[in-house]
Amino acid sequence: MLRKKWPRMLAAAMCMAFLCAGCGNSGIGTDNTNDGKNTEDAADAGIENAADDTGTGSADHKEDPDTGDAGVSEIHIAIAANPPSLDPPSVNSNIVGGIGVHVYESLFAMNQDYEPTPVLAESYEVSEDGKVYTIKLRKGVKFHNGEEMTADDVAASMNRWLEVSAKANTLIGGSVFEKVDDETVKLTVNEASSDILMILASPIQFAAIYPAEVVEKAAPEGVDTYIGTGPYKVAEWKQDQYVKLEKNADYQPSEGGASGLAGDKTGVSDMIYFDVVTDAATRIAGVKNGQYDVAEEIPLDNYEALAQDNNLVMRAERGGTLNLFFNTTEGIMANPDIRQAILASLNCEDILMASYGNPQLYELNAGWCIPTDAQWGTDAGSEFYNQKNPDKAKELMQKAGYQNEQITLVTTEDYPEMYNATLVVQEQLKQAGFQAEVETYDFSTFMEHRADPKQFSMFITSNSYNMLPIQLSVLDSGWAGLDAKEVTEKISAIRSAASEEDAAAEWKDLQTFLYSYGAASVLGHYTGVTATSKDVDGMNYLRFNTYWGVSK
């Protein structure tokens with residue numbers, strides 16, 4: 001059984017991937033020097049957005065009496081959506097996680113080398129059979145309400161995480177956290193595996209620790225009291241306008257300097273505003289004129305022009321994959337020949353050009369993981385990728401007995417790359433002979449449709465890279481409804497593999513299955529862009545932009 005090797009190999013692979021992403025012919029470097037090549041590589045871009053009432057998201061909070069006071073430092077970040085929640089464990093959303101890491105902490109988190117590192121945990125021991133993790137908690141850590149964190153809070157939070165996080169439930173569902181004493185909890189897993197700590201430290205749908213009473217009152221849609229142990233407190237959430245965070249003066253960091261999502265995350269600025277600005281042009285104008293210090297989700301066709309602005313710094317991160325997900329359980333889409341006909345009709349080059357506009361900022365590749373990852377990077381199943389073969393599609397449609405049933409693509413305009421890709425896919429399907437219709441919604445409604453196979457045939461999202469392929473959303477039955485025993489069997493085989501080589505071989509088989517089954521398709525790999533004022537200092541990145549160290 002694998003022990004302690006994967007985290008180090010993964011860290012090396014991730015670092016190599018980021019270096020390679022900055023030294024190829026993409027025009028993307030690692031130095032922010034305002035010369036048109038000023039970027040740094042990492043692993044994310046957002047996947048979701050929500051529209052506000054005005055369509056611009058312009059906020060009026062600068063008239064609040066507690067902003068603009070002498071001696072109070074503020075950072076304003078223009079984000080592309082109103083977060084659907086402020087409860088990271090229950091929502092697979094970068095925008096929720098990106099705000100949440102400033103408010104909540106977990107037992108373990110990834111450091112800058114992608115190694116699981118104790119945060120609210122002090123230490124841990126693993127039983128000889130690999131099934132019991134005894135975790136000592138840090139003493140004296142206080143929640144934002146002034147109460148000290150205890151094992152009761154941790155056990156309640158972690159058991160809820162196992163229930164509401166689809167990723168956690170898929171991988172270690174059935175595991176149990178128990179209180180040993182006030183400063184110790186015990187995790188019992190069903191099956192020993194080398195990746196338990198990496199799952200506990202995963203940044204997406206991360207295992208935020210709340211007071212036990214907050215967990216007990218949590219509704220199925222999430223918590224409604226936002227209390228954590230992190231460097232910032234939620235001061236106000238004004239829907240469709242902003243989320244205001246206030247520096248936690250009583251924050252108690254874990255040992256070591258700031259490193260990724262671990263170490264000392266003591267806040268520098270007194271206030272952080274995540275301003276909801278759904279219109280990209282408004283975000284760009286705002287960061288150029290100083291209304292915002294940071295503008296996230298910059299459309300890639302604006303990258304080159306903004307990179308010439310000496311007052312801005314452009315940060316480009318090798319982010320993840322743009323993906324097309326199929327309904328495999330309902331109606332005409334349950335027919336595998338229909339799904340294969342759709343795959344045959346796709347011209348991914350045209351889709352990516354419409355989505356990103358600059359070939360230097362995307363990559364054609366069938367892999368679900370970082371292509372340069374020594375262990376997980378593979379193009380297995382590429383015979384099903386970017387086929388550009390409408391004649392083959394027509395043959396498969398005829399074989400399936402297609403009778404002009406409607407194919408419904410659900411999307412949201414809040415993310416232009418997702419929306420533009422959807423329109424191109426619609427046109428390609430029509431050329432193949434499908435009756436393809438697009439339904440466009442605000443982000444929250446899109447998420448509702450996406451989660452219900454009765455309400456979609458297909459949808460496109462951009463999904464960030466995961467540290468382990470078993471964490472990919474495509475493998476989560478709650479994401480697009482994929483429910484195949486082959487997925488469960490292969491996940492188990494990957495986790496119990498006797499060597500890294502065996503694990504990689506099992507993943508290749510699983511990636512091939514995703515294509516041959518017609519579960520989904522990677523459309524390509526993308527780069528995410530953030531613009532900041534040249535005066536912004538201390539911003540970092542690991543899966544999300546992090547702002548606790550930012551000053552200006």
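## A walk through the model

Start by selecting Asn358: setting aside neighbours within four places in sequence, Asn358 has contacts with Glu304 and Met353, where contact means heavy atoms within 4.5 Å. Before you go on, note that this is a predicted model, in which local features need pLDDT of at least 70, side-chain atom pairs count only at pLDDT 80 or more, and totals for chains, interfaces and linings use all residues. Residues are numbered from 1 along each chain as its sequence is written, and side-chain values use heavy atoms, with hydrogens and water left out.

Stay on Asn358 and show the side chains. The one on Asn358 makes a polar contact with the side chain of Glu304, at 2.8 Å. (A polar contact is a pair of N or O atoms within 3.5 Å; within protein, one must be able to donate a hydrogen and the other to accept it, and residues adjacent in sequence count only if both atoms are side-chain atoms.) Asn358 sits in the loop between helix H10 (348-356) and strand S13 (362-363); helices (H or I, at least four residues) and strands (E, at least two) are DSSP runs, numbered from the N terminus. Asn358 counts as buried, at 10% relative accessibility. Buried is under 20% relative accessible area, exposed over 50%, and partly exposed in between (1.4 Å probe, protein chains only).

Next, pick Leu107, in the loop between helix H2 (94-100) and strand S2 (108-110). Leu107 is buried too, at 2%. Leaving out residues up to four places away in sequence, Leu107 touches several others, including Pro118, Ile135, Met158 and Phe177.

Now for the rings. Select Phe325, Trp368, Phe446, Phe456, Phe459 and Trp479, which form one aromatic cluster. Rings of Phe, Tyr and Trp (its six-membered ring) pair if their centres lie within 6.5 Å; planes under 30 degrees apart count as stacked, over 60 as edge-to-face and the rest as tilted. The count comes to 15 aromatic pairs. Take Phe325 and Trp368: their pair is tilted, 6.1 Å centre to centre with 50° between the planes. Phe325 is in strand S12 (residues 312-326) and Trp368 in the loop between S13 and helix H11 (390-400), so this pair ties together parts 43 residues apart in sequence. Then go to Phe456 and Phe459, an edge-to-face pair at 5.1 Å and 75°.

Last stop: Arg339 lies over the face of Tyr517, 4.8 Å from the ring centre. A charge sits over a ring if NZ of Lys or CZ of Arg is within 6 Å of the ring centre and within 35 degrees of the ring normal.
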